[in-house]
Amino acid sequence: MRRARILVVEDGFEYSRALERIAEDRAELVRAEDAEEAGRALDGGAFDAVLLDVAFDRIPEERLVGDRGRGTEHLARLQGFYIADALAPRLPPYTRVVMAYDFSGDPERLEALRERLPGLEGLREGTGMEELLARLLATPSRESPLPPRAGGEGAG
Amino acid sequence: MRRASPGLTLALLAALAAAQEASAPCPDGSEDAAALSRQAMSLLPRAGAPPQRSATELARRLLRRGRRWGATEHDVLLAADLAAQAGDSDEWGELLAEAADREGGALAPLDWLLLARRDEARGDYASARGRYERFVKSLERTDEDTRWVGPRLKQLDVAARAASVAAPSASAPPPEARLALADGRSALARGDRKASREKFEQALRIAPGYTDAALALGALDAREGRTAEAIQMYRRALAAEPDRTEALVPLSQLLWDEPDRAAKEESLALLDRAAALRPDLKPLLRQSAERWAQWGDASEALKRLDAWRERVPIAERAETDHLRAELAQRGRAAAPAPTPAPVPAAAAAVSPALDEWKQASVYAAQHDDERALERLAIAEKLDGSFAAAPELAADVHERRGDLAAAEAALRRSLAAAPGRSSAHEKLALLLSRDPKRGTEAAEEWTRAEQAGSSEAIFYLAKTASGGRARELYARYLAEAPGGAHAAEARASLAALERRRRGALLLGGAAAALAALVAGVVAYRRRSGWTVEAWLRERPARAHAARPVLGRLQHEVLKHGGLLLRGAGGRLAASPAETAEMLSGRLFAGDGVKTRGLVAEGRRALADLEALARADGRRLNLDRDALFSPVVRGLAAVGALEDPLRRVRAGASDAALARATERLDRAAELLNETTGRDIETMLDSIATVGVRAQDLCDLLERVASEKSVAAPPVAITGLPGPGQPAWRARMASADWETIWRNVFANTLTALSGVREPRVGLFGELVRDRVTGEPSLRFAVADNAPGKLTTEMIRERSADRGWGVVAELLHSHGGRIAVSPSVDPRYAKRIIIELSAAPAP
């Protein structure tokens, strides 16, 4: 069976290392530290799923992307969203994009973002690493759309 | 004696006029009333002759002199007619009333009617009622239709009762007063009564009719044994809001403890009023029954006791069987029923809607809901800012079971006067009735608490758990020791304490428990602040605390959850490998790029404590219901360092099992507090309600402060009355600073414009990239002159625009200027800022 390719975009190693340990031969994990690195990773081949951290406060300010008029704190706090926006045009439709953000307090927000990234999902607080990996691996084939959203991903 | 009709009198006057011309009579100096009357009569014209003014005046003078010596009713009425003829309506009315007050037998039906209307116009409704009745009586044997008088008398009764209705407090206190009250409550929470008294007094100086401040000071006075002052304060609170249960109940208690009979009578009436106003507070009814029994009126006591027994479960009823039997045996007691408590004199509230509201109050009390709502609709039209009108309408709707209309009315009331704690309380109680709207109710109680309601603290305590509930109950008892819920709060607090002690007992020996309790007591004495209490005191700090808490949420709660959930199982399955991974992730120090969870968590908590310290507040996270699980979770994770090292080195099965168990326990602790809990807490403190009316009011205040007329404002999109407010993520002080500066600059720009116009547009949008809800406003005006985005950003802070730009920027918002798309305006200023998601 082909190993799934998963792009992990984070400013630390929390997700990539932990996932590597449990993924074994089920997935190939590629780590990117900012939007630019993530773009380069996409140049190197397609991914089955993308995992995005949200807060990026460990990389220099100049590597943050987004509207600088909103201030650095805002950009760092929500950098994952800006990276997702930057990657969106380059991702095949229905690529599963898991954002490490709990949308359960504002489900409409997830719906709004799905207009641009139909395969976007949230991550409910308290989700374990095994469950996260399972969701990243449950990538649909590129020919078919994602299963209906009622499957729990809406709650993030 | 039958009095001459007005027609005949006029004819006489006319007839006498001619004779008067020939011989100008003079008073002969006699002081005899009858002689003076005869003299006056001689001056009046004969029938058919036109009256002559000088003769009429002379006759009136003669009759006036005669009244000093005891004029007859006939003469008084004659004088009244002459006064009417001369157009002297004041004297006419007085003379007619004088005649009526004697026997009145000579008064014509029309006189009674005129007198009744005069009394009515003067607000003397009791007298008017009597006159109307005489009017009807005088027409008894005629064909005259007097059926219209009955409804008229009912209206009179309403007007009479309305006159004694106290005016409500119509608006919310200004922010300065609310701030002072909040400071006072914070001081009270940390036991500084002197400071709290100063702050409560300051709040009352700023807003003398501020009920919540008077309640707070009254409670403090009561606690310190200053009974007279406490009574005075509670009376002051009732003067502003006569139906406030939190004033009625403690005042009733204080008066009951007074030695004099009148005070006890008033106490009984106050408690009855509280029980009638709040049927949901069943203990009030029982308390009232017990007081009446002590008063010696078994009959009244029995009525109340039976009413209470009907509403409570059988088990509770049984507790009072003995009392009931005793009361039934005593029967009617000799003690006279006390007089109803007078409605306190109201604070002056000058509003064109006041009279309509008063009449509506009477109709509402008579359960004539249609008329009450009719009057209230008029009141709202007359004065849209008169919040008491929709609030009363809500009471009526709620009684009729139309909860949707009641809710809409309460929201209108809050739109008219945001921060009116009584309306927040009512809305929260209303929402509590729907189990599906518990979250909304809790949020409304939070708003009520922010507005100064002590009752809200009690209800928030009821929905909280553990340490948070204990803290809130204790606060309620500190702020309202004699409040309507004091007994229940004490019982709940005691039960919580018992539960806590029980839990402690399970964990250790009695001696250890005693030491622990002593330690807890000592600890509590010097305990610091919870994060929530600190931020409530300094809401503007929430902005700085948000990123720190965000870090804690992200690095510890979210990443910790991912890492630790199921880690126990993995450790058991592959001990050495998992232990190595966990050690790296949990304990990596500051020197590496990815700090360990423990270091991240401790750093975030230390930053939080540092922020509070900068405000002079020492946080005590161990007693903070929200953050103590995080602290304990981090400690539990920290304690895993050695066990994991041992597992890496190949520990025994027992050691591995212990490490696994401790790992799961740490995961559980970190799972107790969620990022959403933290967000909810922050949003309950550092968001401000956004409504069209608030912004209009602020514009008017700024215009008034600048001594210029507020321009007409066209509003589009913003929440109006009855619509839920948007919530901007910003402390109210910052919010007000922004809009004050925006409006002040707009007004300055408009000075000299002949027909100034302002348009205020608002919309709730989502950021295209982040999906965050944000508020977008456009302030358009027709002021000449150029203003660009760059000019705003470059302006120094003292010019106002700089302040706005800086504040918005620091809150992740932005400001821009663009030409208006609407030809009526020259430009528009676009403001965007972050909003809290809808509840």
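Biologist: How many helices and strands are there in chain A, and what makes a stretch count as one of them?

Modeller: Chain A of this predicted model has six helices and five strands. Helices are DSSP runs of H or I with at least four residues, strands are runs of E with at least two, and both are numbered from the N terminus. Starting at that end, the order of elements in chain A is β-α-β-α-β-α-α-β-α-β-α. Residues are numbered from 1 along each chain as its sequence is written, and chains are lettered from A in the order in which they are written. As the model is predicted, local features need pLDDT of at least 70 and side-chain atom pairs count only at pLDDT 80 or more, while totals for chains, interfaces and linings use all residues.

Biologist: What makes a residue of chain A count as buried, and what percentage of the residues are buried?

Modeller: A residue is buried if 20 or more other C-beta atoms lie within 10 Å of its own, exposed if 12 or fewer, and partly exposed in between, with C-beta atoms placed from the backbone. Of the 156 residues in chain A, 44% are buried.

Biologist: How do you know that chain A touches chain B?

Modeller: Two residues are in contact if their C-beta atoms, placed from the backbone, lie within 7 Å. By that rule, 34 residues of chain A are in contact with 30 residues of chain B. Helix 1 (14-23), helix 3 (72-77), helix 4 (79-87), helix 5 (107-114) and helix 6 (129-137) of chain A each supply at least two residues of this side of chain A.

Biologist: Why are helix 11 and helix 13 of chain B called roughly parallel?

Modeller: The axes of helix 11 (residues 211-223) and helix 13 (residues 245-256) of chain B come within 11 Å and cross at roughly 25°. Angles under 35 degrees count as roughly parallel, over 145 as roughly antiparallel, 65 to 115 as roughly perpendicular and the rest as oblique. Helix 11 of chain B is therefore roughly parallel to helix 13 of chain B. Among the residues making the contact are B:Leu215 and B:Ala219 of helix 11 and B:Pro250 and B:Leu254 of helix 13.

Biologist: What makes two strands of chain B a pair, and which strands are at the edges of the sheet?

Modeller: Two strands pair if DSSP finds at least two bridges between them. Strand 5 (residues 773-781) and strand 7 (residues 827-834) of chain B are joined by eight bridges and run antiparallel. The open sheet of chain B has five strands in the order 2-4-5-7-6, with mixed pairing. Strand 2 (713-716) and strand 6 (814-819) of chain B are the edge strands, each pairing on one side only.

Conventions. Axes are lines fitted to C-alpha atoms, for helices over the stretch in contact, and angles run from 0 to 180 degrees between N-to-C directions.
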